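Here's a quick briefing for anyone opening this structure for the first time. Have a look at the model, then read on by topic.

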Amino acid sequence: MAELRVPKLNNNDTEYLVVEWLAPDGAEVGEEDPVVVVETSKAAEELPAGASGALRHVVGAGAWCRPDEVIATIGAPAEAVVPREHTHEGAEPLVTAPAQALIDELGLTPEQVRGLGVAVVRRADVERLATAHPPAGIELSRGQRAVARTVALSHRTVPAAYLAVRMDLGPALDYARARTKEIRRPVGLAEIFVQAVAGLHARFPLFFATPGDTHATMSDKPDIGVTLDLGNGLYVPVIHDAAARTLKEIAATLMRHRLAATSGEFKEADLTGANFVVTLHTEGGVVLAIPLVFPGTACALAVTSPGDGTPADIGLAYDHRLINGRDAALFMSALKESVEELR
Amino acid sequence: MRVAEDLNAALHRLMDHDPGLYVLGEDVLDPYGGAFKITRGLSTRFPDRVLTTPISESAITGVAAGLALSGDRAIVEIMFGDFAALAFDQLMNFAAKSVSMYGTRVPMRMVVRCPVGGGRGYGPTHSQSPQKHFVGIPGLALYEVSPFHDNLAVFEEMLWRGEPCVLFEDKVLYTRPMHAVEPPFSVERAGGVARVFLDDQPDCVIVAPGGVAHRVLAAMRSLLLEEEIVATLLVPSRLYPFDADIPAARRVFVVEESTGGGTWGAEVAHLVHQRHWDRLDGPVTLIHSADSVIPTAAHLEREVLVDAAAIHRVIRKVIRG
């Protein structure tokens, strides 16, 4: 196999610029064929291959090389080089940045964009597309679009598993009614489960962790999010450091959150930082609910309640990367115990 | 075909067709064929009419003017266009004047080829774009090589003019392909002016010679994709006297690699103002290299020379505010 070395082209320079390969990598070249342009500080020089065979570039265009450096090899016809395909079939149109932003916002498909039949897609074209094909049905509210994003992200990133345990909530509901009178704040299943879950933080710290690819970030206190939807959209306000709070404090905080949910006037701090989410499905005789695991948390507890409070199936959706079925069963068993023994 | 090959092929055809045509320059004989190989092969084919010369730009240009005055044709290669300054007197006071100072018009058929421009780290005296210094000399026409103009046709036009011509050749063009524009842009030629355009009504027109055309095209592409600013590029083959139909647009830019101050672009701007002031939103904007000596070190040279990013930045600022 022959080598193409850069000759000493002038005495002033210690290196030359490889300006351009005239023959592509893998090309069959003849001895006399010029294959590369190198440039000294004063002139350009084409170098012949110097041998016949398949040319293999050793350095790329734009590289600097020293005199006598090998910049290519010329060998026996090598294995057939598959030329890189440049297919123009169904060529994608060029999309400007403003147009792309609108496409993303409207969630248009590549087919719809291609259907415009223009070589350059501009924002005005996308606007035209949006007007010509208004999205069927109703427009989603800002809040619902945020929910949609969270749901999509959850399904894309969290490998969730689910487990349900049957619990007798009758005594707990009696207990709630008694405590409501006593502390003059409404106490229901939400308050009871927030307190019960928070009580498990010390024994089951992984259930309050934030999963990562190789590490889980632990939380030093349980910050329990509770789903609230009073008809104005879904909110997940947080009861921070729930383990350190009395039932009265929890009830007061949830009451404040319910009021905020009617108007949507939450403080940012109310809605951030949950490391465990309790989802409430206590209306309309729901017997089974599979909540999504919010990205950044490991679990979501689904609280369902038949009207009479007798056997209810309480479910746990959990991130299977972090929590195995056995741990989930132990957690739910402990939860069942603490809820059922409320008197 | 690359620009260098196109130039070389054009010279071969001209020498072949015109037995009265001479090529003169330093180191133009084979096998060297000139510093940038544009004259390669000519001396082998036409040994009597390809003359290698001592290092004296004034003398070479003077001989060419003498040949032209005697009714022959001559093409001079200046190795680096910066040294055309040494031939300035021959061009301004002798060759250009000879056309008209003998009572009757005397055709002077000669072309001085000048490799120009930076971007290769050649330093202060081998990187300049001296076009501006030759603008406005009566009887001297200035041309610039572009990837969109067939070089044979350009040479024929220059020799046909009967006036001495200077042909500027941006060195970075030599390795670039002829006639290439990336979609979605198209190119067409009308008269001596190539137009690179989209089908839409342009937001602005850019006038630029061939040496910076690829930098302007890169800026046009980024302006389109990032800002939806549509530009039409005009690449004139002849820089002076300048004449081009400016498509209707409210903004006009002139891009050139010459350093700031007394530029060719200022001459173009003046003409555009005279003709189209009523339909413009503002003065023609000049985009050129910094008013500076051109440094050798690559990172310092980049700061001085006009590039695609600077073109994008200026046009965006003028149009979007």
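The largest pocket in this predicted model has 34 residues in its lining, and Thr227(A), Leu228(A), Leu234(A), Tyr235(A) and Val236(A) are the ones nearest its centre. A pocket here is an open set of points on a 1 Å grid over the protein atoms alone, where a 1.4 Å probe fits and protein lies on both sides within 12 Å along at least five of seven lines; lining residues have an atom within 4 Å of a point. Residues are numbered from 1 along each chain as its sequence is written, while chains are lettered from A and ligands numbered from 1 in the order in which they are written. Local features need pLDDT of at least 70 and side-chain atom pairs count only at pLDDT 80 or more, though totals for chains, interfaces and linings use all residues, and side-chain values use heavy atoms, with hydrogens and water left out.

**More on the largest pocket**

- Its volume is about 920 Å³, taken as the space filled by probe spheres set on the points, with grid points joined across faces, edges and corners.
- Two or more lining residues come from each of helix 4 (142–157), strand 15 (228–229), strand 16 (234–235), helix 8 (268–271) and strand 18 (276–281) of chain A. Helices (H or I, at least four residues) and strands (E, at least two) are DSSP runs, numbered from the N terminus.
- Helix 4 of chain A gives the most to this lining, with 6 residues.
- By class, the lining of the largest pocket has 17 nonpolar, 13 polar and 4 charged residues. Ala, Val, Leu, Ile, Met, Phe, Trp, Tyr, Cys and Pro count as nonpolar, Asp, Glu, Lys and Arg as charged, and the others, Gly among them, as polar.

**The second largest pocket**

- This one holds about 720 Å³ of space.
- Both chains are found among its 29 lining residues: Leu17(A), Gly119(B), Arg120(B), Gly121(B) and Glu301(B) lie nearest the centre.
- Strand 2 of chain A, plus helix 6 (210–227) and helix 8 (298–304) of chain B, each give two or more residues to the lining. Helix 8 of chain B gives the most, with 3 residues.
- The lining of the second largest pocket splits into 9 nonpolar, 9 polar and 11 charged residues.

**Where the chains meet**

- On the chain A side 23 residues are in contact (heavy atoms within 4.5 Å) with 20 residues of chain B.
- About 1800 Å² is buried between the two chains, with carbon and sulfur atoms giving 54% of that; buried area is the accessible area (1.4 Å probe) that two parts lose on being put together, summed over both.
- In chain A, Lys42(A), Leu94(A) and Arg122(A) lose the most area to chain B, together 30% of what that side buries.
- How many salt bridges (a side-chain nitrogen of Lys or Arg within 4 Å of a carboxyl oxygen of Asp or Glu) are there between chain A and chain B? The count is 6.
- Arg2(B) and Glu20(A) pair up through their side chains in a salt bridge, at 3.5 Å from N to O.

**Backbone details**

- Pro183(B) and Pro184(B) are joined by a cis peptide bond, with omega about 10°. Pro184(B) sits in the loop between strand 6 (165–170) and strand 7 (186–190) of chain B.
- Another cis peptide bond links Tyr240(B) and Pro241(B), with omega about -5°.
- Asp68(A) isn't a glycine but has a positive phi, near 75°. You'll find Asp68(A) in the loop between strand 7 (64–65) and strand 8 (70–75) of chain A.
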